[in-house]
Amino acid sequence: MDLDKITRANIRKLKPYSSARDEFQGTAEVYLDANENSLGSPLTKWYNRYPDPHQVELKQIISQVKSVPPSQIFLGNGSDECIDLLYRSFCEPGRSNVIICPPTYGMYEVSAGINDIELREAPLTPAFQLDLPMIESLIDENTRLIWVCSPNNPTGNSMKYSDIEELLNNFSGLVVVDEAYINFSRQRSLTNELKDYDNLVVMQTFSKAWGLAGLRLGMAFASEAIIAVLNKVKPPYNINQATQDLAKKALQEIGQVNDMILEIVAMRDELANVFRELPLIEKVFPSDANFILAKVRNATDVYNYLVAQGIIVRNRSNIQWAGDCLRITVGTETENTRLVDALITFMKQFSTTPQSN
Ligand SMILES: *Cc1c(COP(=O)(O)O)cnc(C)c1O
């Protein structure tokens, strides 16, 4: 792949901002180069200094955990920043197009809209897998990105590994694989393939399995050349000091995270089994993530009832191939019990006998 050919022209020419931290990279006793408050701040841990714009220490630790060299890691203010930066770096507004595979994560479309990039849709097959012939028919010389979400939100399943490899082998733009839920999946990460594909971008996040959605930290793994472009375009201090500190701390506790993953997966499978027994639920889709998509009779009524009970799920009506569904995040044991009890009460109150609609 010729990365220059798909890099937006103004970005190719761009001379990146050089921060105080870029100009002087050693350590010194007196820092008077960044117009910070030298006296400190009202906080105990001061945060009066700008954070490392290159997140060197944090990337070092992530590199160990993910077995990807630091030069092939990009960190964003959530995956959502990575998504936006991929558009801003590799798509020309008003000219390029990208392919998404609905039903899928909404930000690919929103971010395309913000960046004035044409969106082409290759819906998933009835088994919620990639429709390769359809994707192929949509590709033209202006297609820059193909978005693959695996495990997919909102369907919960993983895309076939061999199908993703097929795309990587035959597409000369970037194949972006969003692995936000990979830690809950039976399938291995595509980061294993980075050595073989210079058109692969793998996105992961601290928002799901790591339990740190509030910190806003997303990762993109790709070739050195792709990462260099993203680094050039990002705001210099996109990852704040508190996030860098806390993420480093969390990464020391990987055992605890792995335990939580096992617990969540066990509760997910248990919850799915309970759902299958409820006449109200017509279909439970197999999940490789920390949520369950369920086709529900009178989904909106059920949704509203749950809201009234103080339980909020996601109302996903009219999903292709699936119809009216609820997307339900696996909660704590207590929360899951409350949900199931509420569903049982709903059935007793409103639909004593199961009926088709
Ligand atoms: C939750 C989620 C993300 C995470 O986004 P962040 O900005 O990192 O919080 C990314 N992709 C998908 C498909 C998601 O569902």
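The questions and answers below go through the shape, the surface and a few residues of this predicted model.

Visitor: What ground rules apply here?

Guide: Residues are numbered from 1 along each chain as its sequence is written. The model is predicted, with local features needing pLDDT of at least 70, side-chain atom pairs counting only at pLDDT 80 or more, and totals for chains, interfaces and linings using all residues; side-chain values use heavy atoms, with hydrogens and water left out.

Visitor: How many helices and strands does the protein have?

Guide: There are 13 helices and eleven strands. Both are DSSP runs: helices are H or I with at least four residues, strands are E with at least two, and numbering starts at the N terminus.

Visitor: What makes the protein as compact as a globular protein of that length?

Guide: Set its radius of gyration against the globule rule. The radius is taken over C-alpha atoms, and the rule is 2.2 Å times the number of residues to the power 0.38. For 357 residues the rule gives 21 Å, and the protein has 22 Å, which is close, so the protein is as compact as a globular protein of that length. Along the principal axes, the C-alpha atoms fill a box of roughly 75 × 55 × 30 Å.

Visitor: What share of the residues counts as buried?

Guide: Of the 357 residues, 51% count as buried. Buried means under 20% relative accessible area, exposed means over 50%, and partly exposed lies in between, with a 1.4 Å probe and protein chains only. The protein exposes about 17,400 Å², and carbon and sulfur atoms supply 50% of that area. Accessible areas come from the Shrake-Rupley method with a 1.4 Å probe; for residues, only the protein chains shown count as cover.

Visitor: Why is Glu81 called buried?

Guide: Its relative accessibility is 13%, so Glu81 counts as buried. Glu81 is found in helix α5, residues 79–90. Leaving out residues up to four places away in sequence, Glu81 touches Gly76, Pro235 and Asn238. A contact means heavy atoms within 4.5 Å. Val202 is 121 residues away along the chain, yet the two C-alpha atoms are separated by 14 Å.

Visitor: How do you know that Trp321 is exposed?

Guide: Trp321 has a relative accessible area of 51%, so it is exposed. Trp321 sits in the loop between β10 (314–319) and β11 (323–329). Trp321 also has a positive phi of about 75°, although it is not a glycine.

Visitor: Why is Arg216 called partly exposed?

Guide: At 30% relative accessibility, Arg216 falls in the middle class, so it counts as partly exposed. Arg216 lies in the loop between β6 (200–205) and β7 (218–221). Its phi is positive too, at about 60°, and Arg216 is not a glycine.

Visitor: What makes Tyr31 partly exposed?

Guide: Tyr31 has 24% relative accessibility, so it counts as partly exposed. Its place is the loop between α3 (20–23) and α4 (56–66). Beyond its neighbours within four places in sequence, Tyr31 is in contact with Phe24, Gly26 and Arg49.

Visitor: Why is Thr104 called buried?

Guide: Its relative accessible area is 18%, so Thr104 is buried. Thr104 is in the loop between β2 and α6.

Visitor: What makes a space a cavity?

Guide: On a 1 Å grid over the protein atoms alone, a cavity is a set of points where a 1.4 Å probe fits but cannot get out. Points are joined across faces, edges and corners, and the volume is the space filled by probe spheres set on them. The count comes to one cavity of 30 Å³ or more. The largest cavity has a volume of about 30 Å³.

Visitor: Which residues line the largest cavity?

Guide: Lining residues have an atom within 4 Å of a point. Among them are Thr104, Cys149, Asn152 and Leu130.

Methods:
1 Å grid on protein atoms, 1.4 Å probe; cavity = no way out; pocket = protein on both sides within 12 Å on 5 of 7 lines; lining within 4 Å.
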